[in-house]
Amino acid sequence: MSEPSSSSRPETTVLVLGATPPTPPPRLGALTGRARVLHADETTLAARLPLADALLVWDFASDAVRRAWPGEGPRPRWVHTASAGVDHLMCPELAASDTVVTNARGVFDQPIAEYVAALVLAMAKDLPRTLGLQRERSWRHRESGRVAGTRACVVGSGPIGRAVAGTLKALGITVALVGRAARPGVHGAAELDRLLTRADWVVCAAPLTDETRGMFDARRFGLMQPSARFVNIGRGPLVVEADLVAALSKRWIAGAALDVFEHEPLPAESPLWTTPGLIVSPHMSGDTVGWRDELGAQFMELYEDWAAGRPLRNVVDKERGYVPGH
């Protein structure tokens, strides 16, 4: 069979960063005959970036884009990351470029909200201790807490934060939602300290920016009630981990749960593994059965709009580091 003529070959090139085994690649069969699909890993991305019209960051834990983007040659006109956060790929050169960046807003919102609700219920009902006592075959009757009538402060007013707030409200929890700026239904960042002093549950769902990095430190843990519990499903560097370890060890707060960490995977020698009152989970709060298929389908929907020249959804403000308008 003869090679197709150059005029019949797809003119658009989609470059995919990732996936490495055992992570399955995205299902992009709908692009067959319409676009050339290339794959890259951290070692080949820099060389292949100039070939791409669009870049799909499937390996959303990699910082390869941030390292490769400042290199020589043309750059993709559109970058889509299969994650809610964009801190792993953003660099000054990308922020200053004309490249449009989109994220996976909408895929993880409700799964993460359900995960937060599960953590809240588990801590209120003392389930970690119950499971431990079961392993010991120890019958120890206790009283547990109620969640209805308690107060929560959810930090981050984007789709994930709003989904968390809605799910906690369904449990009878009074929720204060905190965003960058005050608006109807949302408290501004200037009110955060006051709200922390009254909260039984503090949930961090904020994006990672220069302003939010390390926002939960010794001072803020010191503002919380001794009975308060803290949950982070945002980004690891939002929390000063050593300060959280100290706050739990000194019983400044009653408990915490972390699903994200400054360094992932969490090193075996990390003190977080054995900190009293801390639940550790491996960055899985949004990963439900079929989530990768949803991410692939979302990319294809966005591709259809991009290829047709229609406005894209989920466009990230590259200076702020998140999708504005929520």
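**Exercise 1.** Sort the residues that line the second largest pocket by class.

*Solution.* Start with the conventions: this is a predicted model, in which local features need pLDDT of at least 70 and side-chain atom pairs count only at pLDDT 80 or more, while totals for chains, interfaces and linings use all residues. Residues are numbered from 1 along each chain as its sequence is written, and side-chain values use heavy atoms, with hydrogens and water left out.

Next, list the lining: M123, D126, P128, R129, R229, A254, G255, G277 and I279. A pocket here is an open set of points on a 1 Å grid over the protein atoms alone, where a 1.4 Å probe fits, with protein on both sides within 12 Å along at least five of seven lines; lining residues have an atom within 4 Å of a point.

Then assign classes. Ala, Val, Leu, Ile, Met, Phe, Trp, Tyr, Cys and Pro count as nonpolar, Asp, Glu, Lys and Arg as charged, and the others, Gly among them, as polar.

**Exercise 2.** Describe the backbone and the exposure of D126.

*Solution.* D126 sits in the loop between α4 and α5 (127-135); helices are DSSP runs of H or I with at least four residues, and strands are runs of E with at least two, numbered from the N terminus. Phi of D126 is positive, near 60 degrees, in a residue other than glycine. With a relative accessible area of 25%, D126 is partly exposed, a class between buried (under 20%) and exposed (over 50%), using a 1.4 Å probe and protein chains only.

**Exercise 3.** Find how the buried residues of α9 are arranged and what covers them.

*Solution.* In α9 (residues 241-249), the buried residues are E241, L244, V245, A247 and L248. Seen down the helix axis, they fall within an arc of 165 degrees, so they line one face of α9; the arc is taken from the directions from the axis to the C-beta atoms. Their cover includes α8 (218-223), β9 (229-232), β10 (255-258) and β11 (278-280), where contact means heavy atoms within 4.5 Å.

**Exercise 4.** Identify the residues with the most contacts inside the largest nonpolar core, and the element that gives the most to it.

*Solution.* A nonpolar core is a set of buried Ala, Val, Leu, Ile, Met, Phe, Trp, Tyr and Cys residues joined through side-chain atoms within 4.5 Å. The largest has 47 residues, and V116 and L168 have the most contacts inside it. α4 gives the most, with eight residues.
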